[in-house]
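Keep the sequence and the 3D view open while you read.

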Amino acid sequence: MEEPVHQAALTVDPAFRIGDVDPRLYGSFVEHLGRCVYDGIYEPGHPAADADGFRRDVADLVRELGVPVLRYPGGNFVSGYNWEDGIGPRDQRPRRLDLAWRSIETNEVGVDEFAAWARRVGSEPMMAVNLGTRGVEAACNLLEYTNHPSGTHWSDLRRRNGAADPYDIKLWCLGNEMDGPWQTGFSTAREYGRLAAQTAQAMRRVDPSIELVACGSSGSGMPTFGTWEATVLAETYDLVDYVSVHSYYEEHAGDRASFLASAVDLDRFIESVVATADHVRAVGRHTKRINLSVDEWNVWYQSRFAGEENLDWARAPRLIEDTYSVVDAVVVGDLLISLLRHADRVKIACLAQLVNVIAPIRTEPGGAVWRQPTYHPFALTSRYGRGTVLRVEPTGPVHETGRHGAVPTLSATAVLDEEAGELTLFAVNRDQDRPLRLDADLRACPGLAVGEHLAICDEEPEATNSADEPDRVTPRRLPDPTVADGRLEVLLPPLSWSVIRLRRAG
Ligand code: AHR
């Protein structure tokens, strides 16, 4: 017997704006970890490698993905990294122990190669400085190297290394996950807050135009979550622009319903950090607001990772290369909806990571490159989720989940691109069995006609892509929904992510 259809509704009114989408919401992350850099973006012996050793076929998919910002070089890696090891003649660069991932770092790729590559793929680098084993001086030297025009030790060294013009890197992370006991040089909130403030103050003297991100918690489950943000921001408030949020999700055995509602957890996490930042603002009588940089987020099956302590000092080992399914793609699409819903305060976000390591793009050394199912909702949201996010106030069924309590079955948001005359709805049906009929009231947006409805959905939710079957999971074109008398009616398949594009008719 066919499952009965759920009903849900929302209203689109250009007057009810959440905020403009900062394109940096569609960032990603390249860490010296496993095969993200080596045998990922960079593989000099590959038939598709360019003169600098970077794979053209990978670069093409990165461009198509649409990632205006790329966080680099870590992650946990950065907390033991000497950036100077990665500059100058390649054959003279040292091989080092990477303490974070028990790997060998050859330093074949460093800041010069990465900054040049990032620009080639249409991105800006977002650099992290090492506040684990190093501090103020190394951070200032790196900034002088990348951003100072010329006439000083570090800027002239950059020029001698082949980059006449400064890279002019705007975004800087003050360390990485310094609250985590796994982090090299981990510290208390007060210790980190002090060091972050000192580093920020000095870096701003080198280049006052930069924007700085202070480390928030490594996850909302950390024992210090909340007090960490409050303490760090009390130390750094006037010196930084953003506080970071890191959040990873996975399906726990037998509880797909909770996994499908991961975006509810991200909503709560974001709202808690906003509340904490605004509390510090009130207590300190500050006027400016601290915004959020969700600079690590994704689906990550952490429970399948044996732990770095079991690794064996290899170059570019296969680490945390999760293979993603349709279910994972739907969750990634929903996490993007959550980020959009908070566009007023979330200005930067980085899908962690870009290639091979918990990534939308996978490669084989000497072989193929392909898109994981999660690639598609990201690419489509980055392409069409530009403009102003509107408050749509969905109503409809709710269902119980083990981890998040009662959650709405429909997750949705709308983005209006006034210039292009386009309205895009993003929607997830979290029900695994029943379709959901969505009724959107568009009377406040006269003249819109349906463009197209694309969805990630499948009879086999575990379906995935591989080198042999790279396009097993791709967006499906569903029948064009109808707009009549200012109402759009659309059917969302069970367990699906949808993008519905509407254009001004005529
Ligand atoms: O993205 C993988 C790792 O997750 C990063 O290195 C670290 O910052 C986080 O714990």
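Start with strand β6 (residues 103-105), which gives the most to the lining of the second largest cavity, with 3 residues. Strands here are DSSP runs of E with at least two residues, helices are runs of H or I with at least four, and the numbering goes from the N terminus. A quick word on what you're looking at: this is a predicted model, where local features need pLDDT of at least 70, side-chain atom pairs count only at pLDDT 80 or more, and totals for chains, interfaces and linings use all residues. Residues are numbered from 1 along each chain as its sequence is written, and side-chain values use heavy atoms, with hydrogens and water left out.

What counts as a cavity or a pocket? On a 1 Å grid over the protein atoms alone, a cavity is a set of points where a 1.4 Å probe fits but cannot get out, while a pocket is an open set with protein on both sides within 12 Å along at least five of seven lines; a lining residue has an atom within 4 Å of a point. Grid points are joined across faces, edges and corners, and the volume is the space filled by probe spheres set on the points.

Searching the whole structure turns up 3 cavities of 30 Å³ or more. Back at the second largest cavity, the volume is about 80 Å³. Its lining includes H32, L33, G34, Y38 and W101, along with S103, I104 and E105. Sorted by class, that lining has 7 nonpolar, 3 polar and 2 charged residues. (Ala, Val, Leu, Ile, Met, Phe, Trp, Tyr, Cys and Pro count as nonpolar, Asp, Glu, Lys and Arg as charged, and the others, Gly among them, as polar.)

The largest cavity comes in at about 100 Å³. Among its 13 lining residues, Y81, W83, V129, N130 and L142 lie nearest the centre. β7 (124-129) and α3 (136-147) each hand over at least two residues to this lining, which splits into 10 nonpolar, 2 polar and 1 charged.

**Open spaces**

Now for the pockets, side by side:

| Pocket | Volume | Lining residues | Nearest the centre |
|---|---|---|---|
| Largest | about 710 Å³ | 35 residues | S218, S247, Y248, W300 and Q302 |

Which element gives the largest share of the largest pocket's lining? That's β10, with 4 residues. β10 (242-249), α7 (256-260) and α8 (262-283) each supply at least two. By class, the lining of the largest pocket has 11 nonpolar, 16 polar and 8 charged residues.

In the second largest pocket, α8 provides the largest share, 6 residues. α8, β17 (405-408) and β18 (410-417) each give at least two residues there. This lining holds 15 nonpolar, 6 polar and 9 charged residues.

Where does the ligand sit? The space it takes is the largest pocket; to sit in a pocket, more than half of a molecule's atoms must lie within 2 Å of the pocket's grid points. Around the ligand you'll find, among others, F29, E31, N176, E177, Y248, E296, W300 and Q353. The shell divides into 5 nonpolar, 4 polar and 3 charged residues.

Some of these neighbours make polar contacts, meaning pairs of N or O atoms within 3.5 Å (within protein, one must be able to donate a hydrogen and the other to accept it, and residues adjacent in sequence count only if both atoms are side-chain atoms). A polar side-chain atom of E31 is 2.6 Å from a ligand oxygen. For Y248, the distance from a side-chain N or O atom to a ligand oxygen is 2.8 Å. Q353 has a polar side-chain atom 3.0 Å from an oxygen of the ligand. Taken alone, the ligand exposes 280 Å², and the protein buries 96% of that (areas by the Shrake-Rupley method with a 1.4 Å probe; for residues, only the protein chains shown count as cover).

Most residues other than glycine have a negative phi, and most peptide bonds are trans. Still, a cis peptide bond joins A352 and Q353, with omega about 0°. Q353 is in the loop between β12 (346-352) and β13 (361-363). The bond from G74 to G75 is cis too, with omega near 15°, and G75 is in the loop between β4 (69-72) and β5 (96-98). Finally, D39 has a positive phi, near 65°, and lies in the loop between β3 (27-29) and α1 (56-65).

Conventions: Near = heavy atom within 4 Å.
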